[in-house]
Amino acid sequence: MKIATWNVNSLNVRLPHVLDWLAEHRPDALCIQETKMEDAKFPRAEIEAAGYRALFSGQKTYNGVAILSRSEGADVQAGIPGFADEQKRVLAATVDGVRVICVYVPNGQSVDSDKYRYKLDWLAALDKWLKEELARHPKLALLGDFNIAPDDRDVYDPAAWEGQVLCSAPERQAFRDLLALGLKDAFRLAEQPEKAYTWWDYRMNAFRRNLGLRIDHILLSDALAGAGASCTVDTAPRKLERPSDHAPVVAEIT
DNA sequence: ATGGCGCGCGCAGCGCGA
């Protein structure tokens, strides 16, 4: 089974890239973040014409998540139960017996901001809910834009980013807390190239210079993280005209 | 070098992303 995550930074703008990518890679499930559209405007017909079902939870301008899948998702859940949040950042569904959870973790802006506090509170709520989800669904994959670079090797300039948002110790601890629930960072299951990132700033020719961060992740429960599992970053869409600033991350699970 | 790029909103220029 092939599962993937991609922050598209507006599904309106990126729909052609998404349709091309689905046609080329044919994942069983693709989690999308930053659709930036209300549900009434979701391009369901185009997605279905590509052979995919679509689940979505969106809002105008900001956030918005979707799960595209070849077979129909069951037990759909939008948002974190018990955590009141106007922002559409979570969507879960069971696809082919695997609990697929799509997340768009808050950015946090800067470590001294209210948005950073919200990010840490949000991550704590996610952690609490995931513990229950894992008990219900041993085969679970958590995919999305985590807005956390887990380790210095996930950062092009660790000294410059030290203590900054996306790299701060509390954020990295929150990421490790998720792993401690019984999840594995799929990208680190096997040897990987140096300087592998998933996001590059639009400015400063950052992609061409590979000034990036690895902040988009696929976490797999132990039941899915067996010997056959693998994970790659697909940088090809970042090279297109008008790209998303994020690249898709793909995992093959057994 | 605190900008820079791209997006949505909405029609100018700002908030936001990471």
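Author: A residue is near a molecule or strand if its C-beta atom, placed from the backbone, lies within 6 Å of it. The model is predicted: local features need pLDDT of at least 70, side-chain atom pairs count only at pLDDT 80 or more, and totals for chains, interfaces and linings use all residues. Residues are numbered from 1 along each chain as its sequence is written, while chains are lettered from A and ligands numbered from 1 in the order in which they are written.

The part to look at is the surface near DNA strand B. DNA strand B is surrounded by 22 residues, and the closest of them are Ser10, Lys60, Asn107, Tyr202 and Arg203. By class, this surface holds seven nonpolar, eight polar and seven charged residues (Ala, Val, Leu, Ile, Met, Phe, Trp, Tyr, Cys and Pro count as nonpolar, Asp, Glu, Lys and Arg as charged, the others, Gly among them, as polar).

Next come the sheets. Strands (E, at least two residues) and helices (H or I, at least four) are DSSP runs numbered from the N terminus, and two strands pair if DSSP finds at least two bridges between them. One open sheet has six strands in the order S3-S4-S2-S1-S14-S13, with mixed pairing. Its edge strands, S3 (53-57) and S13 (230-233), each pair on one side only. From one strand to the next, the twist averages 15°. Within this sheet, S1 (residues 2-7) and S2 (residues 29-33) pair in the parallel sense over five bridges, and Thr5 stands opposite Cys31 in S2.

Another open sheet of six strands runs S5-S6-S7-S8-S12-S9, again with mixed pairing. S5 (74-78) and S9 (183-185) stand at its edges with a single partner strand each, so one side of each has no neighbour in the sheet. S8 (residues 140-145) pairs with S12 (residues 216-221) in the antiparallel sense, over five bridges. There the bridge partner of Leu142 is Leu219 in S12.

Last, the helices. The axes of H3 (residues 114-136) and H5 (residues 169-180) come within 10 Å and cross at roughly 5° (axes are lines fitted to C-alpha atoms, for helices over the stretch in contact, with angles from 0 to 180 degrees between N-to-C directions). H3 and H5 are therefore roughly parallel (under 35 degrees; over 145 is roughly antiparallel, 65 to 115 roughly perpendicular, the rest oblique). Leu120, Leu123, Asp127 and Leu130 in H3 meet Pro170, Ala174, Asp177 and Leu178 in H5 (contact requires C-beta atoms, placed from the backbone, within 7 Å). This contact has six nonpolar, no polar and two charged residues.

Conventions
Two residues are in contact if their C-beta atoms, placed from the backbone, lie within 7 Å.
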